[in-house]
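Take a look at the chain below.

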Amino acid sequence: MSRTLLSARWVIGHKGGRHVVHENGVVVIEGSRVLHVGRDFDGEVAQRVDYGEAVISPGFIDLDALSDLDTTILGYDNGPAWKAGRVWPESYVARGPYEMYSTEELAFQKRFAFAQLIRNGITTALPIASLFYRAWGETVAEFDAAAQAAEELGLRVYLGPAYRTGGQVTDEAGTIRAIYDEPRGLQGLEDAAAFATRIDGTAGGRIRAMFAPDRIETCTEELLRRTQALAAEMGAPVRQHCCQSPTELRLVQEQHGTTPIDWLDRIGTLESNWLLPHGTHASERDFALIAERGATLVHCPLVTARHGGLLRSFPACRARGINIGLGTDTWPPDMILNMQIGMMVARIAGSDALRSEEMFDAATLGGARALGRTDLGLLAPGACADITVIDLGRTLQTPDPVQSLMTSASGRDVRDVWIDGRRVMADRRIPGCDETADMARAQARFDALIAKYPDRTAGHPPVTEIFRPSYARSER
């Protein structure tokens with residue numbers, strides 16, 4: 001196999017179970033694996049790439065990776081959620097929910113989103129998309145398209161269409177309740193299981209299966225029990241949002257008389273393969289159960305902070321022994337920004353002891369542990385050659401590269417990305433992607449979706465009332 005040597009001012013390697021920093025270091029790739037990491041290399045190489053003032057980092061692992069056109073940003077200044085199209089009104093459900101994107105548009109979204117993940121240095125992704133604009137759940141057809149896009153772009157992914165046995169609806173007074181269609185949800189699970197069996201291990205092992213039941217408050221016990229049985233048999237992860245809102249807590253309390261995490265544990269589904277995004281409304285007992293069962297808490301700092309939330313608290317969860325990974329879950333899918341926001345919010349909340357390396361660990365090693373992968377999230381001999389190169393040439397650098405990332409860098413500084421030894425992005429250019437044209441196409445699709453918002457907003461007000469402008473529009 002040919003060898004490629006990468007060099008830079010900073011290399012984040014791995015020794016003795018921990019990341020280590022090599023100043024003026026090198027990484028040698030042989031085939032799809034890392035051959036060597038250190039200060040120098042005496043062997044023969046076929047190609048050398050010197051990145052200069054940059055960080056050669058293990059690729060980021062995004063356990064809740066944005067894979068559609070993000071509708072959560074529409075709620076940034078517009079609420080409450082039930083008044084702004086974030087909960088289906090009863091009138092919309094009575095008429096019949098419908099797909100607000102075509103099959104072709106959904107396929108484009110996945111490819112567009114996957115390219116954005118790569119541009120932000122994310123090398124392993126577990127896609128997440130909203131079901132608000134869907135007829136019910138995600139489809140196998142769109143995930144076949146997602147698998148094709150991931151294979152062509154070179155992204156490492158864990159794929160599975162989201163399914164559910166229930167959803168939320170609101171009346172015109174803002175009272176949110178759950179509605180159910182268990183047969184439809186169970187069929188969604190069967191379809192997802194067939195897809196998982198068919199695609200797991202394809203693309204040279206870069207495409208793996210996952211199971212994605214939607215929200216805890218609208219999934220039935222039968223659906224979750226079957227999900228865990230199938231996932232355990234395959235050795236696949238299960239990801240489900242948890243403890244994200246007061247509405248979720250209220251609905252679970254009304255239905256099951258307890259908290260979401262305690263209910264998952266009572267029905268025997270909370271296991272080490274469960275990935276639980278958010279946890280911002282988790283109780284101390286919930287955190288204790290997550291730690292005891294070995295499940296992973298998926299921290300999504302940016303989307304949480306945008307709406308005034310935070311994880312209480314990152315250091316306390318780690319001290320309990322909870323594995324923490326990171327997710328982007330919003331636009332932009334900037335993992336560096338998420339780490340920065342995570343640090344700031346935790347310190348505002350009083351976690352003064354939180355250090356940069358702990359957040360960096362979550363974006364790399366935490367994600368790898370969640371997936372049961374000892375070959376991801378680190379640069380060491382034998383690991384997958386999943387590498388993110390972050391340019392620091394325009395950054396006032398601290399004496400430490402990780403602290404520089406936390407204070408001065410952004411996703412736009414990601415220069416090159418290697419996945420499985422393949423250079424999938426060079427100088428921010430991804431082969432086969434026209435960033436300008438794709439962005440224009442995505443914006444047109446997003447504008448069309450916004451125009452449909454009155455259909456699924458309580459009272460069906462016009463768009464101008466759902467999304468109040470920051471300032472009055474000038475006529476001249």
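## Cysteines

The structure holds 0 disulfides, a disulfide being a pair of cysteine sulfur atoms within 2.5 Å. A disulfide is a covalent bond between the sulfur atoms of two cysteines. Cys 300 is in no disulfide, and the nearest cysteine sulfur, that of Cys 242, is 10 Å away. Cys 300 counts as buried because its relative accessibility is 1%. Cys 433 has 16% relative accessibility, so it counts as buried. The cut-offs are these: buried is under 20% relative accessible area, exposed is over 50%, and partly exposed is in between, with a 1.4 Å probe and protein chains only.

## How to read the model

This is a predicted model, in which local features need pLDDT of at least 70 and side-chain atom pairs count only at pLDDT 80 or more, while totals for chains, interfaces and linings use all residues. Residues are numbered from 1 along each chain as its sequence is written, and side-chain values use heavy atoms, with hydrogens and water left out.

## Salt bridges

Side chains of opposite charge can pair when their charged atoms come close. The structure holds 35 salt bridges, where a salt bridge is a side-chain nitrogen of Lys or Arg within 4 Å of a carboxyl oxygen of Asp or Glu. One of them joins Asp 262 and Arg 266, at 2.6 Å from N to O. Both residues lie in helix α7 (residues 260–266), 4 residues apart, about one turn of the helix. Helices (H or I, at least four residues) and strands (E, at least two) are DSSP runs, numbered from the N terminus. Are the two partners buried or exposed? Asp 262 counts as buried because its relative accessibility is 3%. Arg 266 has a relative accessible area of 55%, so it is exposed.

Another salt bridge pairs Arg 318 with Glu 358, at 3.4 Å from N to O. This pair links distant parts of the chain: Arg 318 sits in helix α10 (residues 314–319) and Glu 358 in helix α12 (residues 356–370), 40 residues apart. Arg 318 is partly exposed, at 33% relative accessibility. Glu 358 is buried, at 17%. Elsewhere, salt bridges that share partners join Glu 99, Lys 110, Arg 134 and Glu 142 into one network.

Rolling a probe the size of a water molecule over the atoms shows where empty space is left. The search uses a 1 Å grid over the protein atoms alone: a cavity is a set of points where a 1.4 Å probe fits but cannot get out, a pocket is an open set with protein on both sides within 12 Å along at least five of seven lines, and lining residues have an atom within 4 Å of a point. Grid points are joined across faces, edges and corners, and a volume is the space filled by probe spheres set on the points. The whole structure has 3 cavities of 30 Å³ or more. The largest cavity holds about 80 Å³ of space. Its lining includes Pro 127, Ile 128, Ala 212, Pro 213 and Gln 240. Two elements give two or more residues to this lining, β8 (122–128) and β14.

The largest pocket holds about 1200 Å³. Of the 43 residues that line this pocket, Arg 86, Phe 132, Arg 215, Gln 244 and Ser 245 lie nearest its centre. By class, the pocket lining has 14 nonpolar, 21 polar and 8 charged residues. Here Ala, Val, Leu, Ile, Met, Phe, Trp, Tyr, Cys and Pro count as nonpolar, Asp, Glu, Lys and Arg as charged, and the others, Gly among them, as polar. The largest share of the lining, 3 residues, comes from β11.

Most residues other than glycine have a negative phi, and most peptide bonds are trans. A cis peptide bond joins Trp 331 and Pro 332, with omega about -5°. Pro 332 lies in the loop between β18 (323–326) and α11 (335–348). Asp 329 is in the loop between β18 and α11. Asp 329 is not a glycine, yet its phi is positive, about 60°. Asp 329 is buried, with a relative accessible area of 11%.

Ser 313 falls in the loop between α9 and α10.
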